[in-house]
Amino acid sequence: MQWSLYDAANGESWPACGDIDGDGQDEIVVGLGATSGGLLEVFRGAAGSIAHSAWIRTPFAAYDRANGETHPAMGDTNGDGRADLVVGFGTYRPSGGWLAHFVSSGTSLVFSRFARVPWSAYNAANGATWPACGDIDGDGRSEVVVGLGTYPTNGGWTAVFGDAAPGLALRAWHQAGRSDCNVANGEIHPALGDVDGDGRADLLVGTGSGGAEFVGVSVSTGTGFGATSWCQVPSGTRGSTSGAIWPTLCATR
């Protein structure tokens with residue numbers, strides 16, 4: 001990180017990987033926590049190491065001043081063979097639920113549009129968005145699945161957005177959370193990847209604080225996701241006192 005004042009004040013980081021320039025090597029985009037002013041840092045490989053490449057700021061001045069936390073996800077949303085960037089935001093009451101979409105120009109990431117979770121009650125109460133990118137329908141373009149933050153009594157939701165062709169339009173809702181977690185916390189942390197080898201991205205979800213370290217898998221139906229199967233992190237390996245789980249899926253070339 002190239003920002004010593006932020007490292008000392010907060011230091012939180014949320015990474016995502018994707019091949020922005022199409023050279024076969026992934027870059028790393030790191031989102032930052034609160035007080036970062038909406039910034040993300042881009043790193044590229046250089047002579048066997050990882051080096052700072054650029055800063056990106058979300059064009060949302062009011063949010064950047066109020067919170068500034070950024071949650072990145074990367075995927076080829078327009079089918080040009082290069083990774084684009086979707087940025088989720090932290091809690092922003094009473095007007096949250098936003099995403100920022102950047103497309104790769106081959107050399108940089110250029111802001112394209114905002115999208116928003118169409119749930120006014122959640123956006124007013126919390127508004128945090130946790131995106132993940134993956135090709136759910138097998139058409140060569142990544143869709144965007146957005147996990148939502150804490151929303152007790154009726155949480156556990158993910159919003160499924162289409163790819164860039166229809167402008168990241170909402171496609172479906174999927175309630176992937178466990179019923180006990182949904183009424184206590186409801187936060188969902190998504191990841192996307194092809195777990196069954198059918199060429200379509202499936203959904204892996206972790207639960208938020210109080211979720212007892214459960215991970216859920218929902219297989220793609222081509223338009224959305226089927227029922228969620230759950231497994232629990234073995235008790236001998238648990239290190240979390242909150243029970244929160246942050247899953248990821250690694251792709252192979």
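Modeller: Happy to. One definition before we start: a disulfide is a pair of cysteine sulfur atoms within 2.5 Å. Please keep in mind that this is a predicted model.

Biologist: How many disulfides does a search of the whole structure find?

Modeller: Let's take C133 as an example. The closest cysteine sulfur to that of C133 is 13 Å away, in C17, which is too far for a bond. The cut-off is 2.5 Å. Across the whole structure, the number of disulfides found is 0.

Biologist: Is C133 buried or exposed?

Modeller: The limit for buried is under 20% relative accessible area. C133 has a value of 12%, so C133 counts as buried.

Biologist: And which class does C231 fall into?

Modeller: Exposed would need over 50%, and buried under 20%. C231 has a relative accessible area of 44%, so the class is partly exposed.

Biologist: Which residues have the most contacts inside the largest nonpolar core?

Modeller: That core has 19 residues. V144 is in contact with residues including P131, C133, V160 and F161, leaving aside its neighbours within four places in sequence. The residues with the most contacts inside the core are W119, V144, V146, L148 and F161.

Biologist: How many residues does the second, separate core have?

Modeller: Its members include L40, V42, Y63 and L109. The count for this second core is 17 residues.

Biologist: Why is strand 7 largely enclosed by the rest of the structure?

Modeller: Strand 7 runs antiparallel to strand 6 (residues 84–89), joined by 4 bridges, with G88 opposite L99. Strand 8 (residues 109–116) is also antiparallel to strand 7, through 7 bridges, and there V103 stands opposite V110. Strand 7 is called largely enclosed because, of its 7 residues, the number buried is 5.

Biologist: Which residue takes a positive phi in the hairpin of strand 7 and strand 8?

Modeller: This hairpin has 4 residues between the strands. The phi in question is near 105°, and the residue is G106.

Biologist: Which are the edge strands of the open sheet of 4 strands?

Modeller: The order is 13-14-15-16, with antiparallel pairing, and neighbouring strands are turned by 25° against each other on average, direction ignored. Strand 15 (residues 214–220) is joined to strand 16 by 6 bridges, and G216 stands opposite W230 in strand 16. An edge strand pairs on one side only, which here gives strand 13 (188–193) and strand 16 (225–232).

Key: Residues are numbered from 1 along each chain as its sequence is written. This is a predicted model: local features need pLDDT of at least 70, side-chain atom pairs count only at pLDDT 80 or more; totals for chains, interfaces and linings use all residues. Side-chain values use heavy atoms; hydrogens and water are left out. Two strands pair if DSSP finds at least two bridges between them. Helices (H or I, at least four residues) and strands (E, at least two) are DSSP runs, numbered from the N terminus. Axes are lines fitted to C-alpha atoms, for helices over the stretch in contact, and angles run from 0 to 180 degrees between N-to-C directions. Buried means under 20% relative accessible area, exposed over 50%, partly exposed in between (1.4 Å probe, protein chains only). A nonpolar core is a set of buried Ala, Val, Leu, Ile, Met, Phe, Trp, Tyr and Cys residues joined through side-chain atoms within 4.5 Å. Contact means heavy atoms within 4.5 Å.
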